[in-house]
Amino acid sequence: MIRSLLILGILAFFAVLLAMALGSVNIPLLDLWQTIQGEGSALNRTLLMDLRLPRTLAAFATGGLLAVAGALMQVLLRNPLADPYVLGLSGGAAVGALLAMLSGMGALLISGSAFAGAMLATLLVFGIAHGTGSWTPSRLLLTGVVVAAGWGAVITLMLAITPSYKLPGMLYWLMGDVSYARSPWPALTVLVLAVVLIMPLARNLNVLARGPLQAAALGVAVRPLEWMIYLLASLLTATAVTTAGSIGFVGLIVPHMLRLVLGNDQRIILPASALAGGALLVLADTLARTVIAPEQLPVGVITALLGVPTFLYLLHRSR
Amino acid sequence: MSKLSTRDLIINVPGRPDGFALNLSVEPAQVWGVLGPNGAGKTTLLHTLAGLLPARSGQVVLNDTDLGEQKRRDIARQLGLVFQERQDSFPATVMETALIGRHPWLSPWESERGEDQALAEQALTALDVDHLSGRLLNTLSGGERQRVAIATLMTQNPDIWLLDEPTNHLDLHHQVKVMNLLADQAGAGKTVFLCLHDLNLAARWCSHVLLLYTNGDACWGPAGVMLEPSALEQLYNQKLITVEADGATLFVPVRSGPKP
């Protein structure tokens, strides 16, 4: 249990190291070490400390946030195929971000607007699903899917009326791109705090995965717990989307693969998701930066290209 | 030992008149069997007694305090329930499933320790599913899963055991084994309260019986008094033949139509 987390931690560390070393200019490990110690050339230092390190950390935090949010959503909806965007949160964020871009706002306002859009989407889905009746996972899921389709239509409409010179930036945002990240620290802080906060509740989540009645019979206060998971997962996803646009498949694939290997104990799955999701996005972003360097691909394209076949394979193989 | 009782309890079966209010007093060492036709409200009663469903009126009282005023965790340490239907959306092993019974006894930062593991192993052995402990639940048969669910309750180890048709899916030998286990637990001071469809299991293992009618009427008392053929015929709308065997009155339904 501790060992698997340790292995994932080491993997994540090497992923970060690789991301630091590779790029338009490859830096040998020795130079990397010297630069970290404050020696080496000024060019290398700028490249590593001002460009690659923040971007790598932002990628790590985003991947970790998405994977943890995905794992939480899967328990909340009792559906191993749920992902952080399943309830239409990324659509709300995208509409917020595109609105800001359309009106020519700066990067900070785009982030703020995306975050506001994500939170609005969360409240909208929860409010409608809650409605007058009971709040069942299938009802929440259906509401989310329909609201997401609505956001999709609004996004298409906005793209259709946007002057063409603004389109590339918008499309990159929609596909997810870590180069938008301004500072990795807010996302990293949210990730660490969320994992620390959720760990004492992880065994409650294990019981909740057996269904709300069984959980209540075993002493879990189900409704407050479900509220908390929903709000926390939304906050994590909103932070991720604000940091790097809507990056698909990390939140779906990472917890799902980890469950296949490590079982379904949330006390392991949640921290493991943070590490593995972070490592995966760091690697995907490194690929996005290097594959057709100096040009860059949006990282969301890479995660989708890797994620779709992997997921289909897992689905095909599972009973 | 915890004590469960009800005060003027009317369970909430949608679209049914209030019927007869329940004033039960379920004591340690008793084995209660709830009998009634489909839709009489047996499951609703069990869920209401566990505090999982609100009553239409009246109270469920656990140790002199209204159930609604107690924390779920405190309730779960005294009272446990085997459900008739179970969800398993995520794969889990038999051992993991038994161990979640320890949940109400562990603080948030605690993990299951050796003694919790030992309790789970004992329970799995008592229900003949110890050899399956590493298997995934969704690969088991219905009867094996039923036994794992009872083992989970045994691992939880509350004073009051509520069981919704615990002999469902079980073969004859394991029906007897489960009923003996429940009787042994009652002998050790536990309170056992179960829904049943098998009159003969009730006749041989239950100390008390509650008859629940579709219209909301109910009557209860010691098994010997309650298991009257005429009352049971009315309850199930089914003619019965009574047979004396092994010191108990057993019931066989009258067959209508041609014999094979």
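1. Two strands are taken to pair if DSSP finds at least two bridges between them; strands (E, at least two residues) and helices (H or I, at least four) are DSSP runs, numbered from the N terminus. On that basis, chain B holds an open sheet of six strands in the order β6-β7-β8-β3-β9-β10, with mixed pairing. Its edge strands, each pairing on one side only, are β6 (79-82) and β10 (218-222) of chain B. From one strand to the next the twist averages 15°.

2. The model is a predicted one, in which local features need pLDDT of at least 70 and side-chain atom pairs count only at pLDDT 80 or more, while totals for chains, interfaces and linings use all residues. Residues are numbered from 1 along each chain as its sequence is written, with chains lettered from A and ligands numbered from 1 in the order in which they are written.

3. Strand β9 (residues 208-212) of chain B deserves attention. Five of its five residues are buried, so β9(B) is largely enclosed by the rest of the structure; a residue is buried if 20 or more other C-beta atoms lie within 10 Å of its own, exposed if 12 or fewer, and partly exposed in between, with C-beta atoms placed from the backbone. In a regular strand the side chains alternate between the two faces of the sheet. Here B:H208, B:L210 and B:L212 point one way, and B:V209 and B:L211 the other.

4. B:G33 stands opposite B:V209, and B:L210 faces B:W220 in β10(B). β9(B) and β10(B) form a hairpin with five residues between them, and B:G216 in the turn has a positive phi of about 100°.

5. Elsewhere in the sheet, strands β7 (residues 160-164) and β8 (residues 191-195) of chain B run parallel, joined by five bridges. In this pair B:D164 is opposite B:C195. Helix α5 (residues 142-156) of chain B lies across β6 and β7 of chain B, at about 175° to β6(B); axes are lines fitted to C-alpha atoms, for helices over the stretch in contact, and angles run from 0 to 180 degrees between N-to-C directions.

6. Phi of B:N63 is near 55°, a positive value; B:N63 lies in the loop between β4 (57-62) and β5 (65-66) of chain B and counts as partly exposed, with 16 C-beta neighbours inside 10 Å. Phi of B:N237 is likewise near 55°. B:N237 is in the loop between α9 (229-236) and β11 (240-245) of chain B, and its 8 C-beta neighbours inside 10 Å make it exposed.

7. In chain A, helices α4 (residues 89-102) and α6 (residues 137-161) pack at an angle of about 20°, with their axes 9 Å apart. α4(A) is therefore roughly parallel to α6(A), the term for angles under 35 degrees. Among the residues that meet are A:G91, A:L98 and A:L102 in α4(A) and A:W151, A:G152 and A:M158 in α6(A).

8. Between the chains, 20 residues of chain A are in contact with 23 residues of chain B, contact being C-beta atoms, placed from the backbone, within 7 Å. On the side of chain A that touches chain B, the largest share, four residues, comes from α10(A).

How values were computed
Two residues are in contact if their C-beta atoms, placed from the backbone, lie within 7 Å. Angles under 35 degrees count as roughly parallel, over 145 as roughly antiparallel, 65 to 115 as roughly perpendicular and the rest as oblique.
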